[in-house]
Amino acid sequence: MTFDFAALLVLLTVASGIIWGLDSLFFARGRKASAAGEAHPEPLIVDYARSLFPVFLIVLVLRSFIIEPFRIPSASMMPTLLRGDFILVNKYDYGVRLPVLNAKVFGNGKPRRGDVVVFRYPEDPTIPFIKRVVGVPGDHLQYKDKSLTINGVEVDLELKGIYRSNGVGKRENGSYRLAEKLGERDHDILINPLQPSSVVVDRKIPEGHYFVLGDNRDNSRDSRYWGLVPDENLVGRAFYIWMNWSNDSILDPGSWDVDWDRIGSDIN
């Protein structure tokens with residue numbers, strides 16, 4: 001069972017606002033005008049509600065409409081994102097949506113080819129996923145023998161070397177690191193030359209849907225396996241790494257380390 005923090009935040013904001021509001025309208029004046037000068041202290045629950053309502057409201061607005069933090073739990077987006085990266089996601093680029101309901105209220109922004117996006121997994125919308133958009137509405141996309149073709153043009157890949165890591169990502173050592181350009185975005189991907197490719201894709205992307213891939217092409221469950229991402233499942237565009245903290249060190253297994261070099265990095 002996945003914990004729905006957004007629903008809890010909405011509930012706390014509404015509940016604290018109602019408690020504070022009802023007390024202000026119906027009970028606060030009575031306590032102040034009490035006869036015989038008797039002391040009538042403010043109930044503890046009202047004190048908490050009055051103090052916490054602005055905090056809940058600010059966090060709700062920021063998290064729902066502006067920026068939301070996420071943690072990367074897997075290797076599917078290597079080498080762009082590593083396990084243990086803490087990222088920030090822009091919530092308004094693709095239109096402002098209501099929390100919990102996820103209904104778009106305004107904005108026409110749409111993902112561009114090459115964007116790294118967070119979305120609700122189509123097969124279980126309670127789970128957030130992160131992948132790169134490679135196909136937008138109207139594209140004819142083909143994927144065969146680890147080669148990506150968009151609208152009849154094969155995407156060029158430039159070999160940059162063999163991937164090597166002593167820390168996070170050591171399991172991908174030996175993979176080819178290649179430069180790929182999608183739209184205006186340049187980024188690196190990993191391809192494992194020893195792993196056979198059995199997935200073949202040949203499809204037209206319909207309106208309101210997106211085809212996504214992980215940058216770690218041979219270690220990613222993405223649109224090749226479970227299909228397209230509908231527009232209503234979009235959460236936002238990943239743009240910044242603000243922390244990295246993991247226990248994936250090959251030198252000291254089990255220890256938790258911070259990779260200071262990754263903090264403050266833009267996501268391309």
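**Salt bridges and overall form of the predicted model**

The structure holds 16 salt bridges, a salt bridge being a side-chain nitrogen of Lys or Arg within 4 Å of a carboxyl oxygen of Asp or Glu. The model is predicted: local features need pLDDT of at least 70, side-chain atom pairs count only at pLDDT 80 or more, and totals for chains, interfaces and linings use all residues. Residues are numbered from 1 along each chain as its sequence is written, and side-chain values use heavy atoms, with hydrogens and water left out.

The protein chain has three helices and 18 strands. These are DSSP runs numbered from the N terminus (helices: H or I, at least four residues; strands: E, at least two). The C-alpha trace spans about 85 × 50 × 30 Å along its principal axes. The radius of gyration of the protein chain is 24 Å, whereas a compact globule of 268 residues would have one near 18 Å. That radius is taken over C-alpha atoms, and the globule rule is 2.2 Å times the number of residues to the power 0.38.

Of the 268 residues, 43% count as buried. Buried means under 20% relative accessible area, exposed over 50%, and partly exposed in between (1.4 Å probe, protein chains only). Contacts are heavy atoms within 4.5 Å. Among contacts between residues at least 6 apart in sequence, 61% join residues at least 24 apart.

The protein chain carries 32 positive and 34 negative side chains. Lys and Arg count as positive, Asp and Glu as negative; His and the chain ends are not counted. The centres of the two sets lie 2 Å apart, with each charge placed at NZ of Lys, CZ of Arg, CG of Asp or CD of Glu.

Arg-50 is partly exposed at 33% relative accessibility. Asp-47 is also partly exposed, at 26%. A network of salt bridges links Glu-42, Asp-47 and Arg-50.

Arg-63 pairs with Glu-68 in a salt bridge, with the closest N and O atoms 2.8 Å apart. Arg-63 is buried, its relative accessible area being 18%. Glu-68 is buried at 7%.

Arg-97 forms a salt bridge with Asp-231, the closest N and O atoms being 3.4 Å apart. Arg-97 lies in strand S3 (residues 96-97) and Asp-231 in the loop between strand S15 (229-230) and strand S16 (234-246), so the pair ties together parts that are 134 residues apart in sequence. Both Arg-97 and Asp-231 are buried.
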